[in-house]
Amino acid sequence: MHKPDYVFLGLIGAIIVFGLVMLSSASSVLAYEKFQDNYWYFKHQIVFGLLPGIAAFLIMARIDYRKWKKYAFPLLIVSIFLLLTVFIPGLGASYGRARNWVNIFGMSMQPAEIVKLTFLLYLAAWFEKRERDKIKDVSSGLIPFTVVLGVIILLMALQPDIGTMVIIILLSLAVYFSAGAPLVHLSWISILGMGLLFLLVKIAPYRAARLTIFLHPELDPQGIGYHINQAMLAVGSGGLFGLGFGHSRQKFQYLPEVAGDSIFAIIAEELGFIFSVILLVLFIFLAIRGLKIAQRAPDGFGRLVAVGITSWFFFQAIINIGAMLGIFPLTGIPLPFISYGGTAMTVGLAAVGILTNISKNCRE
C-alpha cells in the first residue's frame, strides 16, 4: 500500500467546501422562513451530513476494499430490505409524490441513497466471480443481471423514486460494460429501459405532463412548468459573472427546492457562467481521476467498484445540472456533495473512502 490519490481527494474537498458555502447562501431565506435561522440547513448539513460522512470516509478508507467481496450477497439482501422499509406503516415517510424516506427515532434517512453503494458492491463482486465468456453469454450474464437489476428497479418504481432509479441503472450499466458485456446486450437493456419509461409515463399522467413541459416549457409557466421556468430564469439572470454571492432573487420563494435539487440554478444566478463552468470542470476532472484509479486497480473487483462510484458521481452531477438548464427533464436528483441531504452526503463520503482505499492499493 502507498499514499492515496490526493488529487482525487482534493477535488472532493473543493466541491464539498464550495457546496457548503453555496448552501449557506441558497437556503438562507427558506431557513429563516421555516426555522427563523438563516443557517439552519447549513448547520444540519454539517451535523447530520458532513461529520457522519467524514467518520464513514475514515472508516471505509482504512478497511481493505477486498473484504467487501465476502459480503456481496448479504449486501444485496440489505439493498432489497432497505427499499422495502419505506412501505412499512409508521416507518416510511412521503416527500411529495414519492414515499422514499424512513423516520427512525425522529431522524430521517433515504434508503435509496444507501442502496447505490450496497448494490454497487454486490454487482462488482458478482461480475468479478464470472469469467468474461460467461458475462458475454445471455443465460449466465445478461439474464441474471437483468433479473437482479429488475428487482431493484421495481422497488424503486413503486416508491416512486425515478431520479435515483435512473442513477442506479446508469451505474449498473457502467459496471456491466466494464465487466465485458457486449454492446448488443446493452442495446437490449436500453430498449427494455425505454419500454419501462413509456409504461411509467402511461400509468402516471403527471409524468406525461413533465415530459410535455420539458419539450415545451412555455406551455404552462405558472403550473407544471413553473419549476423549470424559474430555474432557467435564475440561470439566465446570472449572466457571465453573476449577481454576486448572496444576491439571488429567485431564492426568495420563487424557485422551488433551492437547497436541494435546484441549488445549481442559484449558483449560476449568484456566481454566473464562469463559476458554473468551473464547477462542471471539477466534476469532469473528478470523473477522469476516478477512472484512472479504476484503470490502475490491482484486481477486477477494485476496478469495477471504482468505475461504479465514478459513474455514480458523474452521471448524477450531469443530470442535475442538465435539468436546471432544460437539457433533461426534472427528476429530483440532487447535486452530489452540494445539495442539502445528510444521507446523500454521508453515503457519498463512504463511497469516497472505499475509492481512496482502492487508490492506496493501485499499481504505480
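Axes here are lines fitted to C-alpha atoms, for helices over the stretch in contact, and angles between N-to-C directions run from 0 to 180 degrees. In this predicted model, helix α12 (residues 263-295) and helix α13 (residues 300-324) cross at roughly 165°, and their axes come within 10 Å. Angles over 145 degrees count as roughly antiparallel, so α12 is roughly antiparallel to α13.

**Helices α12 and α13**
- The crossing of α12 with α13 is left-handed.
- On the α12 side, the contact is made by F264, A265, L280, F283, I284, L286, A287, G290, L291, I293 and A294.
- These residues meet R303, A306, V307, T310, F313, F314, A317, I318, N320, I321 and M324 in α13.
- Sorted by class, the contact of α12 with α13 holds 18 nonpolar, three polar and one charged residues.

**Helices α5 and α8**
- Helix α5 contributes A112, V115, K116, F119, L120, L123 and F127 to the contact.
- Their partners in α8 are T164, I167, I168, L171, S172, V175 and Y176.
- The contact of α5 with α8 comprises eleven nonpolar, two polar and one charged residues.

Conventions
Residues are numbered from 1 along each chain as its sequence is written. This is a predicted model: local features need pLDDT of at least 70, side-chain atom pairs count only at pLDDT 80 or more; totals for chains, interfaces and linings use all residues. Side-chain values use heavy atoms; hydrogens and water are left out. Contact means heavy atoms within 4.5 Å. Helices (H or I, at least four residues) and strands (E, at least two) are DSSP runs, numbered from the N terminus. Ala, Val, Leu, Ile, Met, Phe, Trp, Tyr, Cys and Pro count as nonpolar, Asp, Glu, Lys and Arg as charged, and the others, Gly among them, as polar. Angles under 35 degrees count as roughly parallel, over 145 as roughly antiparallel, 65 to 115 as roughly perpendicular and the rest as oblique. A crossing is left-handed if the near helix is turned anticlockwise from the far one by less than a right angle, and right-handed if clockwise.
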